[in-house]
Amino acid sequence: MSSQGAEPSIFSRIIAREIPATIVAETDRLIAFEDIAPQAPVHVVITTKDPQYRNVVELAAGDPGLLAELVRVAQTIADERTMGQFRLVFNTGAASGQTVFHVHAHVLGVVTVADALGEGSLGSL
Ligand code: 5GP
């Protein structure tokens with residue numbers, strides 16, 4: 001289902017630079033920025049510039065190539081920030097904790113081995 005006609009999501013407003021965010025990566029079709037409420041030592045959100053897909057199921061059905069590109073961007077961010085290893089989370093549906101209905105992935109990771117040993121270091125997402 002399309003989100004056309006709805007109010008712009010908070011992520012569309014970040015993409016339009018209407019509200020500030022710490023942007024860490026950008027391609028023609030994707031943008032990645034630090035989560036405002038991090039659940040791990042590294043917590044980056046990757047979202048599509050096109051807001052038409054509400055969740056990863058819709059993105060996988062509608063544009064699997066873009067989903068694959070998103071995963072590649074996640075790996076690049078992890079290579080730069082989290083020793084190349086990461087958790088990739090797509091909350092799908094309000095009951096799962098999704099609050100922004102503009103498809104996005106959470107890239108969660110640790111910076112050092114010591115972080116990895118910390119209790120709850122990758123949060124509860
Ligand atoms: P969801 O709960 O939909 O899976 O993830 C939405 C994420 O967006 C949350 O982790 C939340 O902290 C983040 N978020 C919400 N509003 C903003 C904002 O204005 N700026 C940034 N950088 N992150 C936001």
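**Close-up views of salt bridges and a buried glutamine**

**View 1. Arg81 and Glu34 form a salt bridge in which the closest N and O atoms are 3.4 Å apart.** Because Arg81 belongs to helix α3 and Glu34 to strand β2, the pair ties together parts that are 47 residues apart in sequence. Arg81 has a relative accessibility of 30% and therefore counts as partly exposed, and Glu34, with a relative accessible area of 35%, is likewise partly exposed. The model shown in this and the following views is a predicted one.

**View 2. Asp63 is joined to Arg29 by a salt bridge, with 2.8 Å between the closest N and O atoms.** Asp63 sits in the loop between α2 (56–62) and α3 (64–81), while Arg29 sits in the loop between β1 (23–26) and β2 (30–34), so that this pair ties together parts lying 34 residues apart in sequence. The relative accessible area of Asp63 is 18%, which makes this residue buried, since the term applies to values under 20%. Arg29, at 36% relative accessibility, counts as partly exposed.

**View 3. Arg17, Glu26 and Lys49 are linked in a network of salt bridges.** Within this group, the side chains of Glu26 and Arg17 meet in a salt bridge with an N to O distance of 3.0 Å. Glu26 is partly exposed, its relative accessibility being 39%, and Arg17 is also partly exposed, with a relative accessible area of 46%. In general, side chains of opposite charge can pair when their charged atoms come close. For the model as a whole, the count comes to 7 salt bridges, and among them are the Glu26–Arg17 pair, the Asp63–Arg29 pair and the Arg81–Glu34 pair.

**View 4. Gln98 lies in the loop between β4 (87–89) and β5 (104–109).** With a relative accessibility of 5%, Gln98 counts as buried. The side chain of Gln98 reaches two backbone oxygens, that of Arg54 at 2.9 Å and that of Val100 at 3.0 Å. When neighbours within four places in sequence are left aside, the residues in contact with Gln98 are Arg54, Asn55, Asn91, Thr92, Gly93 and His104.

Technical notes:
Residues numbered from 1 in each chain as written. Predicted model: local features only at pLDDT ≥ 70, side-chain atom pairs only at ≥ 80, totals over all residues. Heavy atoms only, no water. Salt bridge = Lys/Arg side-chain N within 4 Å of Asp/Glu carboxyl O. Buried < 20%, exposed > 50% of the residue type's maximum accessible area, 1.4 Å probe, protein only. Helix = DSSP H or I, 4+ residues; strand = E, 2+ residues; numbered from the N terminus. Polar contact = N/O pair within 3.5 Å; in protein donor to acceptor, adjacent residues only side chain to side chain. Contact = heavy atoms within 4.5 Å.
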